[in-house]
Amino acid sequence: VDRDGTRVFDLRMRQGTTEFRPGRPTPTWGFNGAHLGPTLRAARGEKVRVEVSNTLPEASSVHWHGMRLPAEMDGGPHQTVRAGGRWSPHWTVEQPAATLWYHPHLHGSTEKHVQRGLAGMFLLDDEESGRLPLPKRYGVDDLPVIVQDVRFDGDRFDHAHRRFQGVGFLGNRVMVNGTLDPYREVADERVRLRLLNASTARTYDFGFPDDRAFDQIATDGGLLERPVEQRRIRLSPGERAEIVVRMVPGERTVLRSFPLRDGYAGALERRFGGGHDSFDILQLRAARTLRPSPALPDRLTAPELPDAADSVKERHFDLALTGINDKPMDMDRIDEVVTRGTTETWTVRNDNGMPHNFHVHDVQFRVLDVDGRTPPPALRGRKDTVLIPSGSRMRLVLRFDGTADEDTPYMFHCHLLSHEDRGMMGQFVVV
Ligand code: C2O
Ligand code: CU
Ligand code: CU
């Protein structure tokens, strides 16, 4: 914290090597360390500044996914940090407690940069959530779980796309926080997992082999109104969820991803899109005696969600590999102009035969309906990224309360990174 009370972080983008397997160094990229990045943390109301330096051999950028902040600080494709360059974005945290993340967003290279290891979590706190009896000892009963699939070719990462894999890169192994075959010893009765799908293309359906129930307490942008009992939780690239798992003394269980039942146009799309795959994600090993944890509160918060009744404008977005609304991304074209302080309804449709998702910068939106029906409980909280399965349509309500800047756009895009890189992205300005 510097003299005027700003919380300052240093992030150096660098090359290095990482031994995912003993004695076998793999070239990787990371923030500060050789792979991934530190967990940054700030509270609502705090001023934040990040001193980014790029010691990579090429340009990159750092985007604060899920954060409300001025477009100039957003770290999207217009805020390039050249090789050897520096960038010092700063903003005030003006949103509820949440699990956000940061990653590069250079147009055309996002997949490559994230795959090499550039990603980290950015946690936000607030007073209200601080008072709740939730597991909150970071690294003890409150654990970051960054999920990424990888493939090795000898000692190197293999980033090649396989044939027919329209969704993009799919790995054959899964890492958590950059660790293969991860396990975690747990000494508390309740453990909170902050799940982040930081994979480039793969959607996971998380659950446990014994089909036990767990509580979902948060979506992308913060706490739900109340804990929701779940047995499965589906996250597409970029999405987050916080869950609380109750442990049995002495047990070993595993967070697993299960085959995806739907979301593909047909059997072939499902097969080549990773729909049949199942992975053990993270083993949890409970101590023989566990510290008791307080029961979860019945009510968590009143989520700050836009109201559809306030909506003054409708827009439509058609997702396709060739671009959104048939327009591939153009850095020099502004696709949408929205008015600061207004609420809009965006209909997003996927008739493209494969799963896509939809992410909007600067805002946390409400999912109004899914194919005309009330969204399931997992989609009733603050969201910035949502899976749009093939053949479906969602209506989102967004309120643009941030900063106006007619010259600097924010992005909306599919967060399957190879789709984004090839142009499934558009730009909007808030004026
Ligand atoms: Cu996580 Cu536009 O990105
Ligand atoms: Cu983002
Ligand atoms: Cu896509």
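Predicted model: local features only at pLDDT ≥ 70, side-chain atom pairs only at ≥ 80, totals over all residues.
User: What order do the 7 strands of the open sheet come in?

Analyst: The order is β14-β13-β10-β16-β21-β18-β19, and the pairing is mixed.

User: Which strands stand at the edges, and why is one side of each without a neighbour?

Analyst: β14 (179–180) and β19 (222–230) are the edge strands. Each has a single partner strand, so one side of each has no neighbour in the sheet.

User: How do β18 and β21 pair?

Analyst: They are antiparallel, with 3 bridges between β18 (residues 214–219) and β21 (residues 240–246).

User: Which residue in β21 is the bridge partner of A218?

Analyst: E242.

User: Now β22. Which strands do bridges join to it?

Analyst: Strand β17 (residues 204–207) is joined to β22 (residues 252–257) by 2 bridges, running antiparallel. Strand β23 (residues 279–291) is also antiparallel to β22, with 6 bridges.

User: What residues face each other there?

Analyst: G207 is opposite R256 of β22. R252 has R285 in β23 as its bridge partner.

User: Different topic. Where does UniProt place the Plastocyanin-like domain?

Analyst: The unreviewed UniProt entry gives "domain: Plastocyanin-like" at residues 15–128 and 312–431.

User: How far apart are the end C-alpha atoms of each span, and what is the helix and strand content?

Analyst: For residues 15–128 the end C-alpha atoms are 39 Å apart, with 7% helix and 41% strand. For residues 312–431 the end C-alpha atoms are 15 Å apart, with 5% helix and 47% strand.

Notes:
Residues numbered from 1 in each chain as written. Chains lettered and ligands numbered in written order. Pairing = 2+ DSSP bridges. Helix = DSSP H or I, 4+ residues; strand = E, 2+ residues; numbered from the N terminus. UniProt positions renumbered as here; feature names shortened; annotations may be inferred.
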